[in-house]
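Thanks for coming. I have one structure to go through today, so let me put it on the screen.

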Amino acid sequence: MVETSNEMRITEGKAIDPSHYHDMIGTLLYLTASRPDLQFSICMCARYQARPTEKHLNAIKTIFRYLKGTVNQGLWYPKDSSIALIAFADADHAGCQDIRRSTSGSMQFLEDKLISWSSKMQKSVTISSTEAEYIALSSCCAQPWMSKHIDIRFHFIKENVENGVIELYFVNTEYQLADIFH
C-alpha cells in the first residue's frame, strides 16, 4: 500500500457506487482495533469515500484478500485478562528535520494486551528533550482518561505520581516499546 499510495490520490477513472464502498470501509475500520497492521491502508482508502473509483475498490479488495490469508493474526483479548494498566511513552526531541517538532509515541496495555497506541507529531517545537518527554508522558497518561487539558500536564502527572496512580520508570532504548512510533 505504501508503494501505491500516490496512485490512490488519483480520482480519475470509472466511478463506483459510494454506498457499497462506504459499507466496505466501515467493515474494515471496525477491524483496526485488533489489526494495527491494516490501519494505514484502510485509512488511505477511507479518504476517497466521497468519489470512489474502481482503483479504490480494487485496493479495498486487496485488503480483503490479505485478511483472508491472515485470519489468525491480530491482537487477542481473552475475557480473563487482568486490569493492571501498563504504558510506555517516548519522544524524539526535534526529530522532524523540516519543522523541528518532536514526535510522541505511546502504548497502553492491560497486562500484556495492547489496548491503545499513538504516534503523533507534537503541536509545538519544544526547547528541550525533557519538555518533549513531558508532553509524550502526559499524552500517554491522559489516554486512559481521554483528558485533553494540555495546560495542566505537569500537575496531572505530578498528582497521579504522588497518589500512586502512576509509577514512572526509566526504560533503556533497547526495551522501549514506544520507540517504534518515531
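I will start with the overall layout, then take the sheet, one serine, and the cores.

This is a predicted model, in which local features need pLDDT of at least 70 and side-chain atom pairs count only at pLDDT 80 or more, while totals for chains, interfaces and linings use all residues. Residues are numbered from 1 along each chain as its sequence is written, and side-chain values use heavy atoms, with hydrogens and water left out.

The protein has six helices and three strands. Helices here are DSSP runs of H or I with at least four residues, strands are runs of E with at least two, and both are numbered from the N terminus. Along the sequence the pattern reads α-α-α-α-β-β-β-α-α. There are 182 residues, and 34% of them count as buried. Buried means under 20% relative accessible area, exposed means over 50%, and partly exposed is in between, with a 1.4 Å probe and protein chains only. The accessible surface is about 12100 Å², and carbon and sulfur atoms account for 56% of that; the method is Shrake-Rupley with a 1.4 Å probe, and for residues only the protein chains shown count as cover. Of the contacts between residues at least 6 apart in sequence, 62% join residues at least 24 apart, where contact means heavy atoms within 4.5 Å.

Now the sheet. It is open, with three strands in the order E1-E2-E3 and antiparallel pairing; two strands pair if DSSP finds at least two bridges between them. On average, neighbouring strands are turned by 10° against each other, direction ignored. Eight bridges connect E1 and E2, and eight connect E2 (residues 103–110) to E3 (residues 113–121). The hairpin of E2 and E3 has two residues between the strands, and Glu111 takes a positive phi near 55° there. Helix H5 (residues 129–142) lies across E1 and E2, at about 150° to E1. Axes are lines fitted to C-alpha atoms, for helices over the stretch in contact, and angles run from 0 to 180 degrees between N-to-C directions.

Is Ser104 buried or exposed? Ser104 is in strand E2, and its relative accessibility is 8%, so Ser104 counts as buried. The bridge partner of Ser104 is Ala91. The side chain of Ser104 also makes a polar contact of 2.7 Å with that of Gln122. A polar contact is a pair of N or O atoms within 3.5 Å; within protein, one must be able to donate a hydrogen and the other to accept it, and residues adjacent in sequence count only if both atoms are side-chain atoms. Beyond four places in sequence, the contacts of Ser104 include Asp90, Ile135 and Ala136.

Last, the cores. A nonpolar core is a set of buried Ala, Val, Leu, Ile, Met, Phe, Trp, Tyr and Cys residues joined through side-chain atoms within 4.5 Å. The largest has 15 residues, and those with the most contacts inside it are Tyr21, Ile25, Leu28, Cys45, Ile60 and Ile63. Helix H2 (18–31), H3 and H4 each give at least two residues to this core, with the largest share, five residues, from H4. Another core lies apart from it and has six residues, including Leu137 and Ile157.
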